[in-house]
Amino acid sequence: MSRRQVGGSTRRGGDSGSFPFVGALHSKSRSSPLLSICLVLVGACLLIGYAFSGPGMFKSIREVSKITGDYSCTSEVQRAIPVLKNAYGDSMRKVLHVGPETCSVVSSLLMEEETEAWGVEPYDVEDADSSCKSLLRKGLVRVADIKFPLPYRSKSFSVVIVSDALDYLSPKYLNKTVPELARVASDGVVLFAGNPGKQKAKVAELSKVGRPAKMRSSTWWNRFFSRTNLEENEAGSKKFEKAASKMSYKPACQVFHLKPLH
């Protein structure tokens, strides 16, 4: 009992102000949560700034994309444009790109000297920016379901490039779509396909298509080409590999070179 009374008297003494330092301790205790919150916010801001500005653990958005597997072969096409121009030469003067975000590829191609470019967007473009809408108005880009014949005459383009579109099609539709791409090309088709086990569909594309991409191996693709009587463009493939080596370019996606249909 005596111990309880001592404790009680100590608390009363503190409340009555007979021990001033006790009141000061209570004041510091009340302010410490606010101080902790401020320190956490400052630390978070410093971490974010470090992640995006310095050569730290994140280095670049592209490297993060590679780590998570969320990578677009359409963005890969834009990286490969100098290599493609080196490999295909004059054939890159009249190009058709087929795939999501085709506006960005067409815009990049049009910036190249002596290059005409068109695009086919397989999905809706409701959220298109002003630049893309301008390309749509001019007829340089059009929205079309690639499961059906393309709205172009045979050999309308020298080179046809396709990315991020075929990975979402079943073999039933691939049997018609890939030969159709070869039909409208006069010099060749360059196919960018996802790497199995290394890449996954972008969230934005998944929401548009409604199903995940099918990442197929090079063996599967080569068997498919053979079954549909599509021939490898060996000359184009060798020139591409030579140019890629010279420019230190390493594609993150699989790249296949096909001959046009005769």
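Modeller: Here it is. Glu 180 and Arg 183 are a place to start: both are in helix H7 (residues 171–183), 3 residues apart, which is about one turn of the helix. This is a predicted model.

Biologist: What do Glu 180 and Arg 183 form, and how far apart are the closest N and O atoms?

Modeller: They form a salt bridge, with the closest N and O atoms 2.6 Å apart.

Biologist: Is Glu 180 buried or exposed?

Modeller: Glu 180 is buried, because its relative accessible area is 13% and the cut-off for buried is under 20%.

Biologist: How many salt bridges does the structure hold?

Modeller: The structure holds 6. Another of them pairs Glu 114 with Arg 93 through their side chains, at 3.2 Å from N to O.

Biologist: What about Lys 147, which residue does it form a salt bridge with?

Modeller: Asp 145, with the closest N and O atoms 3.1 Å apart. Lys 147 is partly exposed, at a relative accessible area of 25%. Asp 145 is also partly exposed, at 37% relative accessibility.

Biologist: Changing topic: where on the surface is there a patch of negative charge, in terms of residues?

Modeller: Asp 124, Glu 126, Asp 127 and Asp 129 gather in one. Of these, Asp 127 lies in the loop between strand S2 (116–121) and helix H6 (130–138). Asp 127 counts as exposed because its relative accessibility is 62%, against a cut-off of over 50%.

Biologist: Now the whole chain. How many helices and strands are there?

Modeller: The chain has 10 helices and 6 strands. Of its 262 residues, 40% are buried.

Biologist: What share of the accessible surface belongs to carbon and sulfur atoms?

Modeller: They account for 57% of about 15,600 Å².

Biologist: And the contacts: what percentage join residues at least 24 apart?

Modeller: Among contacts between residues at least 6 apart in sequence, 74% do.

Methods: Residues numbered from 1 in each chain as written. Predicted model: local features only at pLDDT ≥ 70, side-chain atom pairs only at ≥ 80, totals over all residues. Heavy atoms only, no water. Patch = residues over 30% accessible without salt bridge, like charges linked within 9 Å, V, L, I, M, F, W, Y side chains within 5 Å. Areas by Shrake-Rupley, 256 points an atom, 1.4 Å probe, with all protein chains shown as cover. Salt bridge = Lys/Arg side-chain N within 4 Å of Asp/Glu carboxyl O. Lys, Arg positive; Asp, Glu negative; His and termini not counted. Charge placed at Lys NZ, Arg CZ, Asp CG, Glu CD. Helix = DSSP H or I, 4+ residues; strand = E, 2+ residues; numbered from the N terminus. Buried < 20%, exposed > 50% of the residue type's maximum accessible area, 1.4 Å probe, protein only. Contact = heavy atoms within 4.5 Å.
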